[in-house]
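Please read the points below with the sequence and the structure open beside them, and find each residue in turn before moving on.

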Amino acid sequence: DMTEFRMPSLGADMAAGRLVEWLKQPGDRVTRGDIIAEVDTDKGVISIEAFSGGVLEKTLVEPGQKVPVGTVMALIRGDGEEPAPAGITPPSIRPHPPRVSPLARRVAEELKIDPATVTGTGPDGAVTRQDIESAAAARAASSPPGPTAATQPVGEPPGTRMRQAVAAAMSRSKREIPHYYLSTTIDLGPATAWLAEQNRSRPVASRLLVGTLFIKAVALGLRQFPELNAWWERDHAPPRSQINVGVAISLRQGGLITPALLDTDRLSLDELMQRLDDLVTRAKAGALRSSELSEGTITVTSLGDRGVDAVYGVIYPPQVAIVGFGRLAERPWVVQGQVVPRPIVTVTLSADHRVSDGHRGGLFLAAIEQLLQEPARL
């Protein structure tokens, strides 16, 4: 069968995207999950994955073209279909463009630098953002100052489009979703003691962080409360088959992004730690995949490293819940009738009242607490 490859929706606030580059050409074989194109959105340049395998039959959108979400961009021919007409250039003799990271390509466009003229210093000679900026600085240094320099148009401040995208999504959320809010305070003594024991024999680079426990506890808790692992669709919210916890990440250039850790509940803590580190690195470098932005089923936000005691998040549509973690701090705590210092964290839930209520939400927070009291279960 012929499959239509469409401009994906990478969030409730996305209406359109601009094709930057096809990474596969007609005649190329693709498998599910292969990166087939790069698309510029308000969230940055995103690598778009193929959702089915076969042979790329035909592309219908040209690089530089901006099209609405849902537009058919290409056709993928299934293995059982007739081959493409003769005359398509075999992939083996097609010239391959210089390797350029998505963020570097976007910066190159803004600075009017041709990436093909830049020597890459990244892995395997890839052109990085720093390479582009260095080339721009060298060009500026070699160009004599002129009277027209001050009249050059000034672009948008960094992060403007991202901030606008966040504003659109959060405005929609507060306008359409009847939020309710709950919080609980958890003694993390058992969890921190277990972490210290686990990390004692580990090198620094592979030590587990408490945030990993938070994410895994949320994911496992959702198995018991699937109604919170859902997307709102018109008038109901069917639970999702996967548990994909989105992680709120603040970007240096401004704005917020919430890529997801796919199948979070099935990852070991070591796998989760590695995936999280990789996800944060790629999010800040502008190298995320479309599935990571479109498949999140709940979000976890943490402002503990900013000294915040508690954070009450705003739900990201079409999700129906967000869990917040405050800072881990030593507080007076009653243990067996004695007041002792204990590591304490405040955990919050913001949830959609159309889908759940305080009773179920409270039980969900209690499940997270119970899981954190028995970290070996994570």
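This is a predicted model: local features need pLDDT of at least 70, side-chain atom pairs count only at pLDDT 80 or more; totals for chains, interfaces and linings use all residues.

1. Strand 6 has two partners to trace. Strand 3 (residues 29-30) is joined to strand 6 by two bridges and runs antiparallel to it, with Val 30 standing opposite Gly 54.

2. Helix 6, residues 269-285, has 17 residues and reaches 24 Å from its first C-alpha to its last, which is close to the 24 Å expected at 1.5 Å a residue. Its buried residues are Leu 269, Leu 272, Met 273, Leu 276, Leu 279, Arg 282 and Ala 283. An α-helix has 3.6 residues a turn, so residues three or four places apart point the same way. After helix 6 comes Gly 286, with a positive phi near 70 degrees.

3. The largest nonpolar core has 68 residues, and those with the most contacts inside it are Val 218, Val 323, Phe 364 and Leu 372. Helix 5 (residues 210-224) gives the most to this core, namely eight residues. Another core, of nine residues, lies apart from it and includes Leu 103, Ala 108, Ile 113 and Val 118.

4. What does Phe 364 touch, if residues up to four places away in sequence are not counted? The residues are Val 218, Gly 221, Leu 222, Phe 225, Leu 228, Val 323 and Leu 349.

Technical notes. Residues are numbered from 1 along each chain as its sequence is written. Side-chain values use heavy atoms; hydrogens and water are left out. Two strands pair if DSSP finds at least two bridges between them. Helices (H or I, at least four residues) and strands (E, at least two) are DSSP runs, numbered from the N terminus. The expected span of a helix is 1.5 Å times one less than its number of residues. Buried means under 20% relative accessible area, exposed over 50%, partly exposed in between (1.4 Å probe, protein chains only). A nonpolar core is a set of buried Ala, Val, Leu, Ile, Met, Phe, Trp, Tyr and Cys residues joined through side-chain atoms within 4.5 Å. Contact means heavy atoms within 4.5 Å.
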